[in-house]
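The model is predicted.

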Amino acid sequence: MAGLMVSIVSDQCSLTGGMFSGSIDGWVNECSLGVRTLPIQSPQLICHVSDRCTDIDCCLYDTETFRHYNLFLHLDPCNHRLQIGVELYSFDVSLLDFDFEKSYEVDLSGIFRILFNVEDLVYEESYVVNMEVHICWDITNPCNLEVTVLKNVILYKQPCNLTTYFAVDDFSLANWFTDTGYPPSVSLSGDAQQDLMETLDIFNFLNSPYQCQMSGGWNDSK
């Protein structure tokens, strides 16, 4: 319980105020790109989709402590970051080496739990996210609350600031070769090419996963 107390903020969220005001079916959706969410099946939880379309914030009421708690999952495709947590207990991880094939759990003192997984649809410029929220006060009994927040929900990536020259600040190709262990080469191919394009977020700017071909020569359609 001590770990829980040091991780909460003094100002509580509200199920009916602030960003959670005016909810419909448990949601306030400010994304203009058409994020489709399912109704939240609990009056104890209200969630919010920001106008960035990849930020999810929730306000959760706990009947044991008679208190509201803020939970969040924020995906930042431009800076390649994932932030997730409960109140002050949070994690900020890089998406550059994030394993999108795994499922994860974040729990505060074993009581407040967020279960989630994220799939990166690179060419569709979106994420597919699953997220559940649990409150479990007694490990010997079923959880007090288990709510599905997102189930295979598509969160669309907003365009990034194209004035940013590199996805990684102060990027150096020479240092990249040293850090990855790939031998320096004038022409990259295979895994080295794939890893470099992922590091620099080049995939987000490709029209198609299929390359054009230079062997066909000039095509005059007139």
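Searching the whole structure of this predicted model turns up 5 disulfides. With the bonded cysteines numbered in sequence order, they pair as 1-6, 2-4, 3-5, 7-10 and 8-9.

**Cys13 and Cys59**
- The sulfur atoms of Cys13 and Cys59 lie 2.1 Å apart and form a disulfide.
- This bond ties together distant parts of the chain, 46 residues apart: Cys13 sits in the loop between helix H1 (2-5) and strand S1 (27-29), and Cys59 in strand S3 (residues 55-62).
- The S-S torsion is about 90 degrees, so the disulfide is right-handed.
- Cys13 is buried at 15% relative accessibility, and Cys59 is buried at 0%.

**Cys31 and Cys53**
- Cys31 is bonded to Cys53, with an S to S distance of 2.0 Å.
- The two are 22 residues apart, Cys31 in the loop between S1 and strand S2 (45-49), Cys53 in the loop between S2 and S3.
- A torsion of about 95 degrees makes this disulfide right-handed.
- Both Cys31 and Cys53 are buried.

**Cys136 and Cys143**
- The S to S distance between Cys136 and Cys143 is 1.9 Å.
- Their S-S torsion is about 85 degrees, so this disulfide is right-handed.
- Cys136 is buried at 4% relative accessibility, whereas Cys143 is partly exposed at 23%.

**Trp176**
- Trp176 belongs to helix H2 (residues 173-180).
- Its relative accessible area is 7%, so Trp176 counts as buried.
- Beyond four places in sequence, Trp176 contacts Phe171, Tyr182, Ala192, Asp195, Leu196 and Thr199.
- Thr199 is 23 residues from Trp176 in sequence, and their C-alpha atoms are 9.5 Å apart.

How values were computed. Residues are numbered from 1 along each chain as its sequence is written. This is a predicted model: local features need pLDDT of at least 70, side-chain atom pairs count only at pLDDT 80 or more; totals for chains, interfaces and linings use all residues. Side-chain values use heavy atoms; hydrogens and water are left out. Helices (H or I, at least four residues) and strands (E, at least two) are DSSP runs, numbered from the N terminus. Buried means under 20% relative accessible area, exposed over 50%, partly exposed in between (1.4 Å probe, protein chains only). Contact means heavy atoms within 4.5 Å. A disulfide is a pair of cysteine sulfur atoms within 2.5 Å.
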